[in-house]
Amino acid sequence: MNETPSNPSSPYGTLPPASVPASRRPVSLPRLREMHASGEKIVMLTAYDATFAAVADAAGVETILVGDSLGMVCQGLNSTVGVSLETMRYHTESVVRGLRRVQGTAWVIGDLPFGTYHESREQALRSAAVLMQAGAHMVKLEGGGWTAETVRFLVERGIPVCAHLGLTPQTVHALGGYRVQGKGDDAAATLKRHAHELQDAGAAMLVLEMVPARLSAELTGELKRCATIGIGAGRGTAGQVLVMHDMLGVNLGKNPKFVRNFMEGASGVRDAIQAYVKAVKDGSFPVDDTHGW
């Protein structure tokens, strides 16, 4: 009698089942907006390959960011500045193939790397098209002020956009290092203004990185059409994101103080990611008073 193989396997362990519970709806932009409106926390995590994307999806991660952070955690670069658009296309395709293989439901966001959207709106459109054709559902770009018109240009052409304020790693040299942003009245006012401009331009999500918890909570309350996703920005945001290698405790350097090693006490990677999902959903991660700002 012929039997259907259970799960495909890989050198890294058994992949999640090739089907998902009927109760898990594919994540869409309307679904993310529903979650934002209802106050349900949105869970985001980076992934750069097929296997880890499938594991993250099976663990309940709703949004997978194919981040240019891969330059540091996968390529060994000192910053994200050296990541190319071709590299982002390759890793986006890898993640999407992994999700398709297990009928995954996660929403995929592809980072536009440094220098691929700065020249003109048309350059941004061409770059975004590369990642969308690779399977991304949304693109992410960094910075405020000048980026608002670029966001508007992309959204008007049917490309969902996630913006990114606070510590923007692509401009880390101009910022003077990996430092908290938005401290002080003037800096906070500028960040708020940029956030509202990005929402008005059509950005559906906004990553706030290394921003004072009080400021990010205030912005989250003000932005009704744009879900804030925090990383080192306190628990008051609409969702959270971490670099997968950080939350698994396998990065090449010292974890930022806002990161929790979810592998501690976990039986495996999927268990650790499920613990992260649960902690974001119930509000036990992050803990504001551990940030030091």
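Visitor: Where in the chain is the place of Pro 286?

Guide: Pro 286 sits in the segment after helix H11. The model is a predicted one, and what follows should be read with that in mind. The peptide bond that leads from Phe 285 into Pro 286 is cis, and its omega is near -5 degrees.

Helix H11 covers residues 269-282 and packs with helix H2, residues 50-58, at an angle of about 50 degrees, the two axes being 9 Å apart. H2 and H11 are therefore oblique to each other. Their crossing is right-handed. On the H2 side the contact is made by Phe 52, Val 55, Ala 56 and Ala 58, and on the H11 side by Val 269, Arg 270 and Ile 273. Sorted by kind, the residues of this contact come to 6 nonpolar, no polar and 1 charged.

One residue of this contact can be followed further. Val 55 belongs to helix H2. Val 55 is buried, because its relative accessible area of 12% is under the 20% cut-off. In sequence Val 55 and Val 269 are 214 residues apart, yet their C-alpha atoms are 7.9 Å apart in space. For the chain as a whole, residues 24 or more positions apart account for 63% of the contacts that have a separation of 6 or more.

H2 also leads on to another helix. The buried residues of helix H4 pack against H2, strand S4 (63-66), helix H3 (70-73), strand S5 (107-111) and helix H5 (121-133). H4 takes in residues 85-101, which is 17 residues, and reaches 24 Å from its first C-alpha to its last, close to the 24 Å expected at 1.5 Å a residue. The residues of H4 that are buried are Leu 85, Thr 87, Met 88, His 91, Thr 92, Ser 94, Val 95, Val 96, Gly 98 and Leu 99.

Take His 91, which lies in H4. His 91 counts as buried because its relative accessibility of 14% is under 20%. With its neighbours within four places in sequence left aside, His 91 is in contact with Tyr 48, Val 66 and Leu 70. Between His 91 and Gly 110 there are 9.1 Å in space, C-alpha to C-alpha, and the two are 19 residues apart in sequence.

Just after H4 comes Gln 103, with a positive phi of about 55 degrees. The loop that holds Gln 103 runs between H4 and S5. Gln 103 is a residue other than glycine, and its relative accessible area of 48% makes it partly exposed. Met 210 also has a positive phi, about 50 degrees, although it is not a glycine. The loop in which Met 210 is found lies between strand S8 (205-209) and helix H9 (213-222). Met 210 is buried, at a relative accessible area of 11%.

H5, named above among the partners of H4, has a helix contact of its own to describe. H5 packs with helix H6, residues 147-155, at an angle of about 50 degrees, and the axes are 9 Å apart. That makes H5 oblique to H6. The crossing of H5 and H6 is right-handed. From H5 the contact draws on Arg 121, Glu 122, Ala 124, Leu 125 and Ala 128, and from H6 on Glu 149, Thr 150, Phe 153 and Leu 154. These residues divide into 5 nonpolar, 1 polar and 3 charged.

Back toward the end of the chain, Asp 246 has its place in helix H10, residues 244-247. Asp 246 is a charged residue and is buried, with a relative accessible area of 12%. Apart from neighbours within four places in sequence, its contacts are Asn 251, Asn 255, Pro 256, Val 259 and Arg 260.

As for the setting of these parts, the secondary structure of the chain comes to 11 helices and 10 strands. The chain has 293 residues, and 51% of them count as buried.

Technical notes. Residues are numbered from 1 along each chain as its sequence is written. This is a predicted model: local features need pLDDT of at least 70, side-chain atom pairs count only at pLDDT 80 or more; totals for chains, interfaces and linings use all residues. Side-chain values use heavy atoms; hydrogens and water are left out. Axes are lines fitted to C-alpha atoms, for helices over the stretch in contact, and angles run from 0 to 180 degrees between N-to-C directions. Helices (H or I, at least four residues) and strands (E, at least two) are DSSP runs, numbered from the N terminus. Angles under 35 degrees count as roughly parallel, over 145 as roughly antiparallel, 65 to 115 as roughly perpendicular and the rest as oblique. A crossing is left-handed if the near helix is turned anticlockwise from the far one by less than a right angle, and right-handed if clockwise. Contact means heavy atoms within 4.5 Å. The expected span of a helix is 1.5 Å times one less than its number of residues. Buried means under 20% relative accessible area, exposed over 50%, partly exposed in between (1.4 Å probe, protein chains only).
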